[in-house]
Amino acid sequence: MKAATGLAQGRQPDAALAARAVELAMDRADLRHPTAVLLYLTSEFATDPQPAISAAARAAGCLQVAGCTAAGVFTEEDWVLDAPAAAALVLGGGCGLHPTHGTAGETLTFAAPNALDMHWLTTGNPRFGGVSGDATGQGPYSVWSGARVQSAGRTEMRINGAHLRIGISQGVRLLSKPAPIETVSGHDLHTLGGEPALTTLVRELPLSSRAPARIPTHLLMAGLPFGELEGALEEGRYHLLPVVGVNPDDKSVTVAGSLTPGQSLFWALRHPQAAEQDMEAMLHRLQGRAPDEAGEPDFALMFPCIGRGPWFYGGQDRDIQALKRHFPGLPLLGFYGNGEIAHLDGANRLLQYSTVLVLGQGMEAADV
């Protein structure tokens with residue numbers, strides 16, 4: 001198969017940027033007529049992306065154009081968060097985008113926050129993808145497929161002609177061992193392992209962060225292991241729920257999700273070094289699941305949270321850097337979104353502060 005990316009940025013959200021990104025990708029892939037284009041636009045295009053989408057379709061000479069707007073976009077070449085930009089991946093040589101129509105297999109999914117129907121999201125084929133949006137999480141948002149904006153605010157499709165390897169990096173520093181949940185009320189966790197929940201959390205924090213007003217709730221997560229408890233943390237078999245708040249009066253902790261007595265729960269902290277190490281571990285796992293002996297992918301799609309990009313890493317995107325170290329020159333397309341979609345623990349889930357990575361390998365290469 002053939003695949004390549006293009007990135008174009010300017011001072012205004014001009015439709016010509018989308019055409020330029022596609023043309024750059026076509027030149028690099030040596031493709032005159034791509035079979036499909038994934039196109040991401042920065043949030044400056046969100047109010048009226050159709051001219052840019054149409055320009056991309058004309059440049060490629062195809063109608064299989066899908067994507068969304070986002071706070072920022074990137075390729076293996078660079079990332080853009082502070083200017084109007086378009087990023088495109090062109091596919092050819094037997095690889096394309098097609099409606100699911102009830103077929104089995106992994107499903108590429110884009111959705112706007114206001115179109116996230118959780119019943120729709122959690123059912124159907126195993127999903128991967130991201131949530132459109134801007135840096136504020138407030139909108140406006142746009143999602144497209146078939147070279148047309150989708151008024152429903154969501155779309156799903158198959159990447160035909162490619163084997164896909166999908167990995168998830170949740171990237172947290174573990175603060176405690178799993179303990180049994182005992183009493184809960186709604187989203188409030190009251191007792192954990194025979195102690196008040198807030199007590200178990202505070203003792204894992206530095207002394208300077210233990211006062212209620214200083215607890216860094218924006219960085220704290222509650223982890224729920226799944227499957228066999230032994231080895232779950234080392235293997236990344238857990239869900240993460242953001243900590244929403246702490247309640248000193250009753251020593252409870254509020255999390256962004258439902259809890260059930262009898263589950264195991266541990267505390268974790270979002271931390272750049274831990275995220276970088278977790279990304280490396282995930283890449284090693286994916287390299288070990290190659291569909292053939294060579295195992296070299298032809299393209300990569302990355303879906304990181306806006307809270308996991310260059311702002312989190314101090315001005316560099318270390319997730320992109322890690323991928324480039326493992327796969328130099330690999331075409332990469334991604335956007336910084338307001339939620340990540342992945343199949344985890346037997347179900348489709350909406351993740352936060354994570355990175356979902358997809359490695360695509362043409363079937364003609366994988367079947368050699």
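This is a predicted model: local features need pLDDT of at least 70, side-chain atom pairs count only at pLDDT 80 or more; totals for chains, interfaces and linings use all residues.

Which backbone oxygen lies 2.5 Å from a polar atom of the side chain of Arg-270? Select Gly-307 along with Arg-270, and you have the pair: the oxygen belongs to the backbone of Gly-307.

Residues are numbered from 1 along each chain as its sequence is written, and side-chain values use heavy atoms, with hydrogens and water left out.

**Stop 1: around Arg-270**

Stay on Arg-270, which sits in strand β21 (residues 264–270). Helices (H or I, at least four residues) and strands (E, at least two) on this tour are DSSP runs, numbered from the N terminus. Arg-270 is buried yet has no salt bridge, and the nearest side chain of opposite charge, Glu-340, is 8.9 Å away. Here, buried means under 20% relative accessible area, exposed means over 50%, and partly exposed is in between (1.4 Å probe, protein chains only). For charge, Lys and Arg count as positive and Asp and Glu as negative, while His and the chain ends are not counted. A salt bridge needs a side-chain nitrogen of Lys or Arg within 4 Å of a carboxyl oxygen of Asp or Glu.

Now show the neighbours of Arg-270. Leaving aside residues up to four places away in sequence, Arg-270 touches Val-172, His-218, Leu-219, Met-221, Gly-307, Phe-312 and Tyr-353. Touching means contact, with heavy atoms within 4.5 Å.

**Stop 2: the salt bridges**

Side chains of opposite charge can pair when their charged atoms come close. How many salt bridges does the structure hold? There are eight.

Select Glu-156 and Arg-127, whose side chains meet in a salt bridge at 2.7 Å, N to O. This pair ties together distant parts of the chain: Glu-156 is in strand β12 (residues 154–160) and Arg-127 in strand β9 (residues 127–131), 29 residues apart. Glu-156 counts as partly exposed because its relative accessibility is 28%, whereas Arg-127, at 4%, counts as buried.

Next, pick Asp-319 and Arg-308, another salt bridge, with the closest N and O atoms 3.0 Å apart. Asp-319 belongs to helix α6 (residues 318–326), while Arg-308 is in the loop between β22 (299–304) and α6, 11 residues away in the chain. Are these two buried or exposed? Asp-319 is buried, at 0% relative accessibility, and Arg-308 is buried too, at 1%.

Then try Arg-349 and Asp-345, where the closest N and O atoms of the salt bridge are 3.6 Å apart. Arg-349 is partly exposed at 25%, and Asp-345 is partly exposed at 36%. For a network of salt bridges, select Glu-195, Arg-203 and Glu-204.

**Stop 3: strand β22**

Colour β22 by itself. Six of its six residues are buried, so the strand is largely enclosed by the rest of the structure. Phe-299, Leu-301 and Phe-303 point one way, Ala-300, Met-302 and Pro-304 the other.

Strands count as paired if DSSP finds at least two bridges between them. Click Ala-300 and you'll find its bridge partner in β26, Leu-359. Now bring in strand β23 (residues 332–336), which runs parallel to β22 and is joined to it by three bridges. There, Ala-300 stands opposite Leu-332. Trace the chain from β22 through α6 to β23, and you follow a right-handed β-α-β crossover (with the strands pointing away from the viewer, the path from the first strand over the helix to the second runs clockwise).

**Stop 4: strand β6**

Finally, select β6 (residues 85–92), with eight of its eight residues buried. Ala-85, Ala-87, Leu-89 and Leu-91 point one way, and Ala-86, Ala-88, Val-90 and Gly-92 the other. Strand β1 (residues 2–9) runs antiparallel to β6, joined by eight bridges, and Ala-8 has Ala-86 as its bridge partner. Strand β2 (residues 36–42) is also antiparallel to β6, with six bridges; look for Tyr-40, whose partner in β6 is Ala-87.

Technical notes
A polar contact is a pair of N or O atoms within 3.5 Å; within protein, one must be able to donate a hydrogen and the other to accept it, and residues adjacent in sequence count only if both atoms are side-chain atoms.
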